[in-house]
Amino acid sequence: MIDTGEVSAFRDLHTRLGDAVESAVRGKRDVIDLVLVAMFAGGHVLLEDVPGTGKTTLARAVAGALGGLSRRVQFTPDLLPSDVTGTSVYDPQTGQIRFRPGPVFANIVLADEINRAAAKTQSALLEVMEERTVTIDGVGHAVPDPFLVVATQNPIDLDGTYRLPEAQLDRFMLRTSIGYPSLDDELDVLRPGSGAGRIADVRTVTSPREVSAFSGRLSLLHVADPILHYISALGSGTRSDERLRLGTSTRGLRTLVRCAQVYAASKGRHFVVPQDVQDIADPVLAHRLVLTRESVLAGVTTSEVLADVLSRVPVPKPASQ
């Protein structure tokens, strides 16, 4: 089990990382915290938002605070899988075939407008996300650790896009959006001389090795059986809801447990409470649910269905009560 001293050290690190990233991405601490949860939980993030809200800045700021390597890939219909993963090339100086790594060989990879690439290119990236390895000519090449993909897609402009199927959406640990800033934060961004968006000014406060070490330890954070029963009941609630054609998978529930562990530790606790599950449920589970055709026509959203399920499922009480 992870002890209170380690949890306290992680909370301090999580706060320092959030502060460093927020120096470039103003007024979006809740989104920053979600991205950090995914990074420490070993998952990936899907950002659904319109252009110009700071998605690229967020990914690069996280890489800057981490002290790791970041890469950006602009997905287009003509992008090939090898443009993402890398390929074997002939070296005329040595007369040998050598592997030339693609942009996925970085700690933070921004996959911009992932839904504009063809299915085979999407699949190439998603395979690396799951396996953490690129196989070229039968030889495996491991990507760096930690490895975080921040993929974006514009939910408004659908011309020339290839929709991510449910099985691929399920590979993303979290889905969220940045959104427009508040009036005060936008004025701060617009003010001449503001540090907003200045990636070069983001302080490096940790290292990839330290993040990897904490990630492994946080998987041992205590989750009591009543909490596990509560999470299982939430999954059953989505599967039995008539508005859904597809409820959450067991993989989705395991992801919820993993994220709740990191989220609880970021709050300074060495155990998970029901509030942690409720706070993280929507970004973890909503994109894994599939509405029926009738629900779509009625304008129902998966977030609304999930909120109803959360309100129906009994919350476990402390043993003393």
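The model is predicted, so local features need pLDDT of at least 70 and side-chain atom pairs count only at pLDDT 80 or more, while totals for chains, interfaces and linings use all residues. Residues are numbered from 1 along each chain as its sequence is written, and side-chain values use heavy atoms, leaving out hydrogens and water. Helices (H or I, at least four residues) and strands (E, at least two) are DSSP runs, numbered from the N terminus.

**Salt bridges**

- A salt bridge here is a side-chain nitrogen of Lys or Arg within 4 Å of a carboxyl oxygen of Asp or Glu, and the count by this rule is 16.
- Arg-217 and Glu-6 form one of them, at 2.9 Å from N to O. Because Arg-217 lies in helix H8 (residues 208-218) and Glu-6 in helix H1 (residues 4-22), the pair ties together parts that are 211 residues apart in sequence.
- Both ends of that pair are partly exposed (buried means under 20% relative accessible area, exposed over 50%, partly exposed in between, with a 1.4 Å probe and protein chains only): Arg-217 has 29% and Glu-6 has 22%.
- Asp-201 and Arg-198 meet in another salt bridge, at 3.9 Å from N to O. Asp-201 is partly exposed at 49%, and Arg-198 is partly exposed at 42%.
- Arg-312 and Asp-241 are bridged at 3.5 Å, N to O. Arg-312 sits in helix H13 (residues 302-312) and Asp-241 in the loop between helix H9 (225-240) and strand E10 (244-246), so this pair links parts that are 71 residues apart in sequence.
- Within that pair, Arg-312 is partly exposed, with a relative accessible area of 48%, whereas Asp-241 is buried at 8%.

**Helix H5 and its surroundings**

- H5 (residues 119-131) has 13 residues and spans 18 Å from its first C-alpha to its last, close to the 18 Å expected at 1.5 Å a residue. The expected span is 1.5 Å times one less than the number of residues in the helix.
- Its buried residues are Thr-121, Gln-122, Ala-124, Leu-125, Leu-126, Val-128 and Met-129.
- The buried residues of H5 pack against helix H4 (81-85), strand E5 (108-112), strand E6 (133-136), E8 and helix H6 (166-169).
- After H5 comes Arg-132, with a positive phi near 60°.

**Pro-146**

- Pro-146 belongs to the loop between strand E7 (139-142) and strand E8 (148-153), and it is buried at 4% relative accessibility.
- Contact means heavy atoms within 4.5 Å. Leaving aside neighbours within four places in sequence, Pro-146 touches Leu-66, Asn-107, Pro-208, Val-211 and Ser-212.
- Pro-146 and Leu-125 are 21 residues apart in sequence and 16 Å apart in space, C-alpha to C-alpha.

**The annotated region and helix H10**

- An unreviewed UniProt entry lists residues 238-307 as "domain: ChlI/MoxR AAA lid". UniProt positions are given in the numbering used here, feature names are shortened, and annotations may be inferred rather than shown by experiment.
- The end C-alpha atoms of residues 238-307 lie 10 Å apart, and the span is 61% helix and 7% strand.
- Helix H10 (residues 250-266) has 17 residues and reaches 25 Å from first C-alpha to last, close to the expected 24 Å.
- Because 14 of the 17 residues of H10 are buried, the helix is largely enclosed by the rest of the structure.
- Gly-268 follows H10 and has a positive phi, near 90°.
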